[in-house]
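Trainee: I should like to learn how to read a predicted structure. May we work through one together?

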Amino acid sequence: MKDKKRIRILIAKPGLDGHDRGAKVVSLALRDAGMEVLYSGLHQSVDLIIAVAIQEAVDVIGLSIMTGAHLPICARLMKELQEKNLTDIFVVAGGVIPKNDILKLEQMGVKGIFPGGTRFEIIIDTIRALF
Amino acid sequence: MGVARYIKNKADAVEKVIYQSGIEVKPFYGPKDLEAAGFDYEDDLGDPGQYPFTRSLHPQGYRSRAWTTRQYTGFGTPQETNERFKYMIANGQNGLNVAFDLPTQMGYDSDNPKAEGEVGRVGMAVDSLQDFEIAFRDIQFDRIGSGLTINAVASVMLAMYQATAEKYGYSKETISATPQNDILKEMIGRGAWIFPVEPSVRLVCDTIEYSVKELPRCNPVSVCGYHIRESGATPSQEVGFAFEIAKTYIDNLTERGLTPDDFVGRFSFNLNVFGNLWEQIAKFRAARKLWAKLLKEEYKVKEKKNLFLRGLFGGGGSGLTKEQPENNIIRGAYYGLAAALSGAQTTALCSFDEAFTIPTPRAALLSLRTLEILMEEVGLRDTVDPLAGSYFVETITKEMEEKIINEMKRVQKMGGMVHAISSGYIQRDVAKQAYEFEKSLQNGEIIKVGVNKYTEGEQPDVDLHEYDDSWVGTQISRLKALKRTRDNREVNRSLKALEKATKSKNNVMPSLVDCCRSYATVGEMSGVFRDVFGEWDEPCLF
C-alpha cells in the first residue's frame, strides 16, 4: 500500500494538559524511525488539531493525553472526523490510559492505544501496520 | 539500581557507575579524595546552621523541629477538597498543598467550553471566592500554611486566599500561603502557562512584591526544579536551571527598587527526590551551599536567614511505575529517606497509585505514614546531617557543585533564562534528554524493577480514585447562581480597575483582591490579563 511513502503524523496535545514529555519523546522516536512528525504544541482544541491535520495532509493523528480526559476528547475528535468525512486519517492515542478504557477507545475507532511506558517499537510497528 | 548508568563486565561485576549529572563514581573513597577535591570543613560545610548551610539551615536540624508534611491534595468540587483537607489534618498533616484542576490553572471558569472534561479532574475547581470559602471552611488560617500549586494565575489565587481568610476573620498579617507562582518552569515543563514570557514574569514579581509589603507570613514563590527534572533534566540541571529562574525574578524585583535582602528570604524551592540516593543527597547539600553563596556574593545579601535555601524536597513522581504499582510504596520510602538525609524542611511523597491518577485517600495516607515512620521510628531525628564527613558524600557534593555551576553558565551563555525559554533552547535540551533516558530504559541500560527487569506480565488491578461526572454539574450550577445573585455592577467596577492596573505598571495585586471580594470569577480576572497581554506562542523546536 503506502509502504514506500513516508508516513506523516501529527502529534497533538489536546485540551489544557501541559505534560508534554511523552509527546516530545514519542515525536523524536517516530522521527528517528523515518516518519515525518509535526508537533502541535500545547493547549490545542480538537477543531484546531483537525484543521492542522487537513492543512498538513497528515496520515495519522497521535493524541497525547495525561489528565484522564481521554474518553471525552477522543469521542469528540472521532465524531468530528466522521462528520467531516476524514475517516482516512488514522487516530492513535497515548498517555495515562487505564486498561479498562482501552476497549472503549478501540470501539470509538482509535487504531492504537499506547499507555505510558509502551515500547517505541510497538508504537512504530502499530502505526506502520495501518498502511 | 537507580537512575544511573552501570557498565558491567562479563562476570556481571560493576565496572563503571555514572550518575545522571555526569559524576563518575569510584569503587571506594578515602581521605585523599577529599584532599584532591580541596575539601575544607569551614569553607565547604561549617557547622549545622552556619554559613554556607551545606549541613542544615538550623543548628539542631530535626531535633528542634521535624519536617513539615504537605501532601498534594484537591479534586472535584471545593466540598470534596475540604473534606480531604480535614481528613489529612486529622491524620497529622501540618500543612496543605492545594491541587487545582486544569481549567482553574489555565484561567478558565468551569462553564467555559475549553474546560469540558477537565472540571475537578486533576485538582479542585475554583471559579470564585465562594469556592475558596467552601474549600477552606474550618481551616485555621493562622496555624495551617497552604501551598497553592498554581502558576499562570497564582496572583489570582493568592488574592483569593487573602480575601477568604479576611472573610473568616483572619487578618492578612497572620496568614501563611505559598503560591507556587513559578511560571518560567511551567514553560520548560508541566506547561500550564498562558501569557507571553515577559508579562508572565511581571505577574510573578507583582505577587512577590505585594507579599513583601502586605503579607508578612507568605512565601510568594516556590521555584521548581522539580518539574524541569520530571520533564527529563538531570539533577544538576534541575538545580542550575532553578537558580537561573530565581535570578530572573530577583533581577526583576531589584529593577523595581527593592533590595534582595528585602525579599529573598521569602523565596522557596521545590526539588525532586527520585533517582540515585547519593546523587540526590549530594544535590541538596550542594544546592543549599551554592544558593547561600550566590546570594551573599552576587546579591550582597547580609541577613543570615535570607541566605537559607528553604523548600519542599519531595514528590518523586517520575520514579514511580505503573508496572507492579506496590513497588512504588517501597520507592516512596527510599525517596523519603533521601529527603530526610538531605535535611528537607518540608516534604511530600507522590502516592503509589499516582502513576495512574490522583491518589485515593488510603494511598495518600500511606505516603503520609511513610514520612511519619521516617521521623518517628527510624531515627532520622537523631542527629543533624549524619552523612557529613563521608569521604564519598563530601567528594560528590563538591563535584555536584561544579556540575550545577556549569549548567548555570550554559544558561547564561544562551542569554539568560528568559531568552533560553523564549527561543525554545532549554525545552529542546530537556526533551532530548528525556528521549535518551527513555531509550536507555527500553534497551535495558538503565534498570527499573518491574519494568525492564523482574517483570511479572499481567498486572493486578489497583483501586483507583474515580472521577465523578456529577461534580461538573454541581460546579457549573453554583457558578450560574453566583452570576445571578452577585452585585454585577461591583464586579464590573473591580474588573475595570484591574484592567487599568494591568495596563499601567502598577502592581495588580490590590485590584485582584478587590475583584475577588466582589466575586469576580477566575475566568473574568484572567480574561482581563488575556486581553491585555495576549497568549504565549510556544516555540516548538526539535
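Mentor: We shall discuss a helix of chain B and then a sheet of chain A. This is a predicted model, in which local features need pLDDT of at least 70, side-chain atom pairs count only at pLDDT 80 or more, and totals for chains, interfaces and linings use all residues. Residues are numbered from 1 along each chain as its sequence is written, while chains are lettered from A and ligands numbered from 1 in the order in which they are written.

Trainee: What span should helix α6 of chain B have?

Mentor: Helices (H or I, at least four residues) and strands (E, at least two) are DSSP runs, numbered from the N terminus. The expected span is 1.5 Å times one less than the number of residues. The 14 residues of α6(B), residues 154–167, should therefore span 20 Å, and the end C-alpha atoms are 20 Å apart, which agrees.

Trainee: How many residues of α6(B) are buried?

Mentor: A residue is buried if 20 or more other C-beta atoms, placed from the backbone, lie within 10 Å of its own. In α6(B), 12 of the 14 residues are buried, so the helix is largely enclosed by the rest of the structure. Among them are B:M157 and B:Y161. Just after α6(B), B:G169 takes a positive phi of about 90°.

Trainee: In what order do the strands of the open sheet in chain A lie?

Mentor: Two strands pair if DSSP finds at least two bridges between them. Here 5 strands follow the order β2-β1-β3-β4-β5, with parallel pairing. The edge strands, β2(A) and β5(A), each pair on one side only. Strands β4(A) and β5(A) are joined over 4 bridges, and A:G94 stands opposite A:F114 in β5(A).
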